[in-house]
Amino acid sequence: MLMRTDPFRDLDRFAQQVLGTAARPAVMPMDAWREGERFVVEFDLPGIDPDSLDIDIERNVVTVRAERPSVDPNREMLATERPRGVFSRQLVLGENLDTERIEASYQEGVLSLQIPVAEKAKPRKISVGRGNSAGSGQRAINENENRREVINA
């Protein structure tokens, strides 16, 4: 019997398992959005033991690690499509987020991070008093949604 072989087939399969494909990424898939004065980031991690989750923050980089244990070697597997081992993902957060007050929860296979907007990044209004000097002009500053306007009178 003659069999056609493709020497790159196994390499391609291995690359898909390690790197994933567009339809099935090997890393933890993520959604992120803003809700008012906080950002929410959710990672899909089904079948992960909550004790294996590790979240580190260094400056403005959040690193999420999780581990899905190996399959029992005594088990005769018919299909093995779920990635196993250690997963890691890093997020670089902007300076306008408060990394000191990040909250995390893990429920029904979803890791959720709640990241509040930093006080320094929230819009605020600054009032300016009137000076008594004859030559000094009045100055008003209005900060609205990170846009700054300076008006000299």
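Colleague: Does R101 count as buried, partly exposed or exposed?

Modeller: Burial is judged by relative accessible area: buried means under 20%, exposed over 50%, and partly exposed in between, with a 1.4 Å probe and protein chains only. At 43% relative accessibility, R101 is partly exposed. Two conventions apply throughout. This is a predicted model, in which local features need pLDDT of at least 70, side-chain atom pairs count only at pLDDT 80 or more, and totals for chains, interfaces and linings use all residues. Residues are numbered from 1 along each chain as its sequence is written, and side-chain values use heavy atoms, with hydrogens and water left out.

Colleague: With which residue does R101 meet in a salt bridge?

Modeller: A salt bridge requires a side-chain nitrogen of Lys or Arg within 4 Å of a carboxyl oxygen of Asp or Glu. R101 meets D98 in this way, at 3.4 Å from N to O. D98 is buried, with a relative accessible area of 16%.

Colleague: How many salt bridges are found in the whole structure?

Modeller: The search finds 4. One of them joins R38 to E35, with the closest N and O atoms 2.6 Å apart. R38 is partly exposed at 33% relative accessibility, and E35 is partly exposed at 36%. Another joins D54 to R65, where the closest N and O atoms are 3.9 Å apart. This pair links distant parts of the chain, D54 lying in strand β3 and R65 in strand β4, 11 residues apart. D54 has a relative accessible area of 33% and is partly exposed; R65 is also partly exposed, at 34%. D54, D56 and R65 are linked in a network of salt bridges.

Colleague: Which elements does the protein chain contain, and how are they defined?

Modeller: Helices (H or I, at least four residues) and strands (E, at least two) are DSSP runs, numbered from the N terminus.

Colleague: In what order do β3, β4 and β5 form their sheet?

Modeller: Strands of a sheet pair through backbone hydrogen bonds, either parallel or antiparallel. Here two strands are taken to pair if DSSP finds at least two bridges between them. The order is β3-β4-β5, in an open sheet with antiparallel pairing. β3 (54-58) and β5 (85-92) are the edge strands, each pairing on one side only. β3 pairs with β4 (residues 61-68) over 5 bridges, and I57 has V62 in β4 as its bridge partner.

Colleague: Which residues touch the most other members of the largest nonpolar core?

Modeller: In soluble globular proteins, nonpolar side chains tend to be buried together. A nonpolar core is a set of buried Ala, Val, Leu, Ile, Met, Phe, Trp, Tyr and Cys residues joined through side-chain atoms within 4.5 Å. The largest one has 17 residues, of which F43, L45, V64 and L113 touch the most other members. The elements giving two or more residues to this core are β2 (38-44), β4, β5 and β7 (110-116).

Colleague: With which residues is F43 in contact, leaving aside its neighbours within four places in sequence?

Modeller: Contact means heavy atoms within 4.5 Å. The partners of F43 include M28, M30, V64, R89, L91 and L113.

Colleague: What share of the protein chain counts as buried?

Modeller: Of its 153 residues, 21% are buried.
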